[in-house]
Amino acid sequence: MANSEGPVLLSGQKLVTTAGTAEALVASTKRVKRVQIIALSTNTKPLYLGGADVSSTTNGGLATSDSISLEAEGWMDLKDIYVDADVDGEGVDFYGVRA
């Protein structure tokens, strides 16, 4: 029998459709306690993470295969994390622990 009290893991991938336009990591509410976001190894340029206003001028971005881990005291919603790219179709993988 499975342990119903253990963490529930989720994973996904976000590819930016239109470079220069910030896109939400996920389309609908997904609450997590922590998430690791990894720039795809096939990316040719940095990926930028932030809020809805993220762009290439917001921060230095994640280079190919770089990652960032975020943790919340309570929970965070993955739909509030945005990704932007310099190249159409580049993106990130993400792995989270549900809240």
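This is a predicted model: local features need pLDDT of at least 70, side-chain atom pairs count only at pLDDT 80 or more; totals for chains, interfaces and linings use all residues.
The exercises below start from the whole chain and end at single residues.

## Exercise 1: The fold in outline

Find how many helices and strands the chain has, and decide how its radius of gyration compares with the globule rule.

Step 1. Count the elements. There are zero helices and seven strands.

Step 2. Read them in order. The pattern along the sequence is β-β-β-β-β-β-β.

Step 3. Along the principal axes, the C-alpha atoms fill roughly 45 × 25 × 20 Å.

## Exercise 2: Surface and burial

State what share of the residues is buried, and what share of the accessible surface belongs to carbon and sulfur atoms.

Step 1. Take burial. Of the 99 residues, 30% count as buried.

Step 2. Take the surface. The accessible surface is about 5,800 Å². Carbon and sulfur atoms hold 48% of that surface.

## Exercise 3: Leu-25

Place Leu-25 in the chain, then decide: is Leu-25 buried or exposed?

Step 1. Locate Leu-25. This residue sits in the loop between β2 (23-24) and β3 (31-39).

Step 2. Apply the cut-off. Buried means under 20% relative accessible area. Leu-25 has 3% relative accessibility, so Leu-25 counts as buried.

Step 3. List partners beyond four places in sequence. Among them are Lys-14, Ile-37, Leu-78, Tyr-82 and Phe-94.

Step 4. Check a distance. Gly-74 is 49 residues from Leu-25 in sequence, and their C-alpha atoms are 19 Å apart.

## Exercise 4: The largest nonpolar core

Work out which residues have the most contacts inside the largest nonpolar core, and which element gives the most to this core.

Step 1. Size the core. It has 18 residues.

Step 2. Name the residues with the most contacts inside. They include Leu-25, Val-35, Ile-37 and Val-83.

Step 3. Name the elements giving two or more residues. These are β3, β4 (47-50), β6 (82-85) and β7 (91-98). β3 gives the most, with four residues.

Step 4. Follow Ile-37. Its contacts beyond four places in sequence include Leu-25, Leu-49, Leu-62, Ile-81 and Phe-94.

## Exercise 5: Rings

Find how many aromatic pairs the structure holds, and which residue lies over the face of Trp-75.

Step 1. Count the pairs. There are zero.

Step 2. Look over Trp-75. Arg-31 lies over its face, at 3.9 Å from the ring centre.

Notes:
Residues are numbered from 1 along each chain as its sequence is written. Side-chain values use heavy atoms; hydrogens and water are left out. Rings of Phe, Tyr and Trp (its six-membered ring) pair if their centres lie within 6.5 Å; planes under 30 degrees apart count as stacked, over 60 as edge-to-face and the rest as tilted. A charge sits over a ring if NZ of Lys or CZ of Arg is within 6 Å of the ring centre and within 35 degrees of the ring normal. The radius of gyration is taken over C-alpha atoms; the globule rule is 2.2 Å times the number of residues to the power 0.38. Buried means under 20% relative accessible area, exposed over 50%, partly exposed in between (1.4 Å probe, protein chains only). Accessible areas come from the Shrake-Rupley method with a 1.4 Å probe; for residues, only the protein chains shown count as cover. Contact means heavy atoms within 4.5 Å. A nonpolar core is a set of buried Ala, Val, Leu, Ile, Met, Phe, Trp, Tyr and Cys residues joined through side-chain atoms within 4.5 Å.
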